[in-house]
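I opened the notebook to look up a few local features one at a time. The entries below keep to what I could read from the coordinates.

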Amino acid sequence: MEFFCYHRDRRGSMHLRHELVEEHWSYMDRYAAEMIARGPTFADDGETLTGSVHIVDLPDPATARAFAFDEPGYQAGAYRDVMLRRWHNSLGRTMWEFTGDRTEGGHYLVLGLGAGHTADRDLPPDHHALIAYGPLLSDDGGTWLGTAALLQAPDPQTARTVLTPDLYADVEVHAWTFGGRR
């Protein structure tokens, strides 16, 4: 079962996040084989951390909850909340298999939060810039709750166009970068 996990930073927790970076990476190293994508999100300044995305393939919702809530930064209070949803890997690959030029344009997390009806279940026609893409689902996988995409785009406005306008209650666009050990 695939899961989308987004830890959102608590305001003023940057120092704590930096202090815990090695513990965070060591924790994530334990899930390297299950990792589909990962990486931090940033504020508009491109430097201030705002969150941490992990898309993982785990056996069940209980294991996914343990993954999300046992994370060292969460345990230390660095995050204000966690979005944890079942997810479907519509691309069928990991971020490490992305064939685009990682140095071209920017990278973004686009979250479309559901408005009661299913939207964007199929891949967009021009999907070569997608790094990860799929629907956000309920724990049982039966109810569509939104769409999550990691993609390469020249700017946030272009990144937003990966989702169909007006079919979501809200669309968030966050600067994102490939994560993991350097």
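Predicted model: local features only at pLDDT ≥ 70, side-chain atom pairs only at ≥ 80, totals over all residues.

**Entry: helix H3.** I began with helix H3, residues 61-69, and listed its buried residues, which are Pro 61, Ala 64, Phe 67 and Ala 68. Looking down the axis of H3, I found that these buried residues fall within an arc of 115°, so they line one face of the helix. I then asked what covers the buried residues of H3, and the cover includes strand S1 (2-9), helix H2 (21-29), strand S3 (49-57), helix H4 (72-76) and strand S4 (79-87). At the start of H3, I noted that Asp 60 places a side-chain oxygen within 3.1 Å of the backbone nitrogen of Ala 62.

**Entry: Ser 13.** Is Ser 13 buried or exposed? Its relative accessibility is 2%, and because buried means under 20%, Ser 13 counts as buried. I also looked up where its side chain goes, and the side chain of Ser 13 reaches the backbone oxygen of Ala 78 at 2.9 Å.

**Entry: strand S8.** For strand S8, residues 168-176, I recorded an antiparallel pairing with strand S2, residues 35-42, joined by two bridges. In this pairing, I found Thr 41 standing opposite Trp 176 in S8. Strand S5, residues 106-114, also pairs with S8 in the antiparallel sense, here over seven bridges. There I noted Gly 112 opposite Val 171 of S8.

Definitions and conventions. Residues numbered from 1 in each chain as written. Heavy atoms only, no water. Buried < 20%, exposed > 50% of the residue type's maximum accessible area, 1.4 Å probe, protein only. Helix = DSSP H or I, 4+ residues; strand = E, 2+ residues; numbered from the N terminus. Arc of directions from axis to C-beta. Contact = heavy atoms within 4.5 Å. Polar contact = N/O pair within 3.5 Å; in protein donor to acceptor, adjacent residues only side chain to side chain. Pairing = 2+ DSSP bridges.
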